[in-house]
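I set out to look up a few local features of one protein chain and to record each with its terms. The entries follow in the order in which I made them.

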Amino acid sequence: MGGLSFKSGLDDPLLMNATPTYTSEAVPSLKATMAMRLAADRYLAVSYDLKQRKPEIAAAWSGETYTEKATLLVSVDPQAQTLSAYAAVSTPGPDWRVDVYDDDADVVEEPKDDGGRHTLYVQHSARPRDLLYRTRLGARLDLGRVANLVSDYVGYNVEDSIPMLFWNIPGMQQLFRVLVPDEDENQVRHHIKGWEVDVAHEFTRGKPAVSLIKTMQRASVSASYNFAESEASLDYSRRGIRVSAKMANVRGVGWKKPSLNFYLEPLSLL
């Protein structure tokens with residue numbers, strides 16, 4: 001199968017000059033890709049950027065169980081002489097719910113999978129003279145599962161230890177019930193769906209990047225802040241279209257006006 005993608009450059013050239021790490025995103029791209037499935041869990045792709053005149057080869061492997069999924073992607077950029085690897089593991093993580101015995105049916109009911117997943121990932125790039133060129137560690141956490149895990153622990157292990165003075169403060173009982181509501185029939189306290197937080201750290205930059213992501217049925221929106229680059233961004237993605245607005249705090253200049261970036265995969269719209 002084949003694909004075609006287009007990416008615009010940033011519309012503010014001053015932003016590119018002020019932040020050298022923008023280079024890859026600031027340069028326009030028109031990339032053609034051919035991919036083939038070698039096996040049930042193995043893929044190979046070859047791409048060529050018509051605008052940048054840059055080839056790339058990538059191989060991917062993906063394996064999954066009932067609840068976990070692992071992914072490995074290796075790509076080679078001959079022009080930049082860079083070998084990059086991306087590995088990720090998705091898992092539901094610890095569950096706050098327990099098996100329940102149904103007296104009427106005389107069976108033990110296990111908690112149903114809510115679809116929420118945490119993802120741990122690592123990205124590494126190496127060059128011939130710099131094997132530790134770039135390394136990035138990150139975690140994307142499902143906020144619904146985190147909120148339920150924490151509130152369940154507080155409800156069963158902390159609530160009884162709270163002194164009476166706390167409950168006598170006006171509004172504290174109502175606030176506590178908002179943060180730690182009662183369980184429903186599925187042992188769920190917070191019904192938070194599609195919200196995730198991504199925290200990543202790149203060792204060469206020393207400061208993290210944080211993103212808040214909302215995933216809907218056909219689209220996603222994310223707000224990010226990169227502490228190393230003092231850069232804020234807002235992204236909207238929907239079926240092969242991604243629009244990004246970035247704004248950087250340039251030293252000695254202050255906050256620049258937002259710079260737009262546009263990404264399109266035409267074949268995905270068909």
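**Entry 1. Terms and overall count.** I took helices (H or I, at least four residues) and strands (E, at least two) as DSSP runs, numbered from the N terminus. Residues are numbered from 1 along each chain as its sequence is written, and side-chain values use heavy atoms, with hydrogens and water left out. The model is predicted, and for that reason local features need pLDDT of at least 70 and side-chain atom pairs count only at pLDDT 80 or more, while totals for chains, interfaces and linings use all residues. I found five helices and 17 strands in the protein. I called a residue buried under 20% relative accessible area, exposed over 50%, and partly exposed in between (1.4 Å probe, protein chains only). Of the 270 residues, 28% count as buried. For contact I required heavy atoms within 4.5 Å. Among contacts between residues at least 6 apart in sequence, 41% join residues at least 24 apart.

**Entry 2. Positive phi values.** Most residues other than glycine have a negative phi. I looked up two exceptions in loops.
- Arginine 53 lies in the loop between strand E3 (42-49) and E4, and its phi is near 55 degrees. Arginine 53 counts as exposed because its relative accessible area is 61%.
- Serine 230 has a positive phi of about 50 degrees and sits in the loop between strand E13 (220-226) and strand E14 (231-238). Serine 230 has 23% relative accessibility, so it counts as partly exposed.

Entry 3. I counted two strands as paired if DSSP finds at least two bridges between them. How many bridges join E4 to E5? I found eight between strand E4 (residues 54-64) and strand E5 (residues 69-77), which run antiparallel. Within this pair, alanine 58 has serine 75 of E5 as its bridge partner. The two strands make a hairpin, with four residues between them.

I then followed E5 to strand E6 (residues 82-91), with which E5 pairs in the antiparallel sense over nine bridges. Here leucine 72 is bridged to alanine 87 of E6. E5 and E6 also form a hairpin with four residues between them, and glutamine 81 in the turn has a positive phi of about 55 degrees.

**Entry 4. Helix H3.** I checked the length of helix H3 (residues 143-158). The expected span of a helix is 1.5 Å times one less than its number of residues. The 16 residues of H3 should therefore span 22 Å, and the end C-alpha atoms are 21 Å apart, which agrees.

I next asked which residues of H3 are buried. They are Gly144, Arg145, Asn148, Ser151, Asp152, Val154 and Gly155. These buried residues pack against strand E9 (118-127), strand E10 (130-142), helix H5 (172-179) and strand E11 (195-202). At the start of H3, a side-chain oxygen of aspartate 142 comes to within 3.1 Å of the backbone nitrogen of glycine 144.

**Entry 5. Arginine 117.** Is arginine 117 buried or exposed? Its relative accessibility is 19%, so arginine 117 counts as buried, and it is found in the loop between strand E8 (107-109) and E9. For polar contacts I used pairs of N or O atoms within 3.5 Å; within protein, one must be able to donate a hydrogen and the other to accept it, and residues adjacent in sequence count only if both atoms are side-chain atoms. The side chain of arginine 117 makes such a contact with the side chain of aspartate 113 (2.8 Å). A polar atom of the arginine 117 side chain also lies 2.9 Å from the backbone oxygen of threonine 67. Not counting residues up to four places away in sequence, arginine 117 touches several residues, among them Tyr66, Ser90, Asp142, Arg145 and Glu196.

**Entry 6. Alanine 139.** I located alanine 139 in strand E10. Alanine 139 counts as buried because its relative accessibility is 19%. Where does the chain return to this residue? Alanine 139 and valine 197 are 58 residues apart in sequence and 8.2 Å apart in space, C-alpha to C-alpha. Beyond four places in sequence, the residues that alanine 139 touches are Thr119, Leu120, Tyr121, Val197, Asp198 and Val199.
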